[in-house]
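Here's a quick briefing to read alongside the model.

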Amino acid sequence: MMTHQDTARVMDMVFGFVPAQIVRTMAALDLADQLAGGPVSLEELVKLTDCHEPSLRRLLRGAVFVRLVIRNEEGAYELTPAGQLLRADAPGSVKYLALQLTGEPTWSACGNIEHTVRTGQPAVQHVFGQSSYAWLADDPTTQALFYQCYMEVARQDVPGLVEALDLAGIHDIVDVGGGNGVLMAGLLDGNPGLSGAIFDQPAGLENTQAVLADAGVADRCTLIAGDFFTDPLPAERDAYLVKSALCDWGDDDVVRILRACRQAMCADSTLFVIDMVLPEGDATPDPVALMSDLCTLACGGAIRTEKEFGALFTEAGLRPVGTGGRQPGTHTNILRAVKI
């Protein structure tokens, strides 16, 4: 029998787009950054953000409701611990992730998941007439935000991944599609005898040299601009790494990427795939992986099970040799494969 709680729960889902846009608007207006130093009055925030005062007041009322800010006894606004995460400089910041996931092309694509469910075709193609990556390439501002988002996520993942990746006996490694350089910087810093190469499109490599230089490892890493669908990867290295990239592509394209890795690999090279992995079956304790799967569904990709990854490895001429399971502090697993 339906209850009031059931109705309230469904209505919370229906209005779920509103909290998402509160987060997005706070991030887009840099409100958390403006509040980083302590309480600020509405009047001062209006000046700092160049916004319409009554509308900003209503947005802040919503932000109070979702517990991103509080309004103190003097009527000024200050950040909650959750709101602090929308500061660009906060440890664990999700500012750019929020902007990327609640902006185009993801936002409109996810609003058209029905098209994908009915036809099997990516909603992003239906809405924009091109893939997500093609759309981003035509919009440099949004493309830059996309790379900022991935850098933000990488900074959170790297400590756990550097500790978890077993690179014993590996002297050189290629990060395929690892343009921001954060993971490579961590690997090189944690493995003094290791050298690396990062292969990515030119736009993805714009800030990579600075990241490597800040870590003091730029002299041990080569940057190679290219497209993994059309250009050969650096050949005959001990290891290859693909992080958080395969989830953006459909099965046929994933096999193409894996085959490109296989073609470059030596007989004894190892391929590391770092990505979200769904458990088998419909029940999952991981809401992030499940929601990410629905998001990638709209944009032409997928979050896959270990079994599904295994089938794609095999089709590409690779043999899976184990998974490290979910890595602490991340939403990713480490899978390993070798040439058949």
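This is a predicted model: local features need pLDDT of at least 70, side-chain atom pairs count only at pLDDT 80 or more; totals for chains, interfaces and linings use all residues.

The domain assignment puts domain 1 at residues 4-86 and domain 2 at 139-339.

**Overall build**
- You're looking at 17 helices and eleven strands in this protein.
- The C-alpha trace spans about 65 × 55 × 35 Å along the principal axes.
- How does the radius of gyration sit against that of a compact globule? For 340 residues a compact globule would come out near 20 Å, and the protein has 22 Å, so the two agree.

**Packing and contacts**
- Of the 340 residues, 44% count as buried.
- Take the contacts with a separation of 6 or more: 64% of them come from residues 24 or more positions apart.

**A covered helix**
- Which part of α13 is tucked away? Helix α13 runs over residues 182-190 and is mostly covered, with seven of its nine residues buried.
- The buried ones in α13 are Val182, Leu183, Met184, Ala185, Gly186, Leu187 and Leu188.

**Surface and charge**
- The protein exposes about 17200 Å², and carbon and sulfur atoms supply 54% of that area.
- On the charge side, there are 24 positive and 44 negative charges.
- The mean positions of those positive and negative charges are 3 Å apart.

Conventions
Residues are numbered from 1 along each chain as its sequence is written. Side-chain values use heavy atoms; hydrogens and water are left out. Helices (H or I, at least four residues) and strands (E, at least two) are DSSP runs, numbered from the N terminus. The radius of gyration is taken over C-alpha atoms; the globule rule is 2.2 Å times the number of residues to the power 0.38. Buried means under 20% relative accessible area, exposed over 50%, partly exposed in between (1.4 Å probe, protein chains only). Contact means heavy atoms within 4.5 Å. Accessible areas come from the Shrake-Rupley method with a 1.4 Å probe; for residues, only the protein chains shown count as cover. Lys and Arg count as positive and Asp and Glu as negative; His and the chain ends are not counted. The place of a charge is taken as NZ of Lys, CZ of Arg, CG of Asp or CD of Glu. Domain bounds come from an automatic or database domain assignment.
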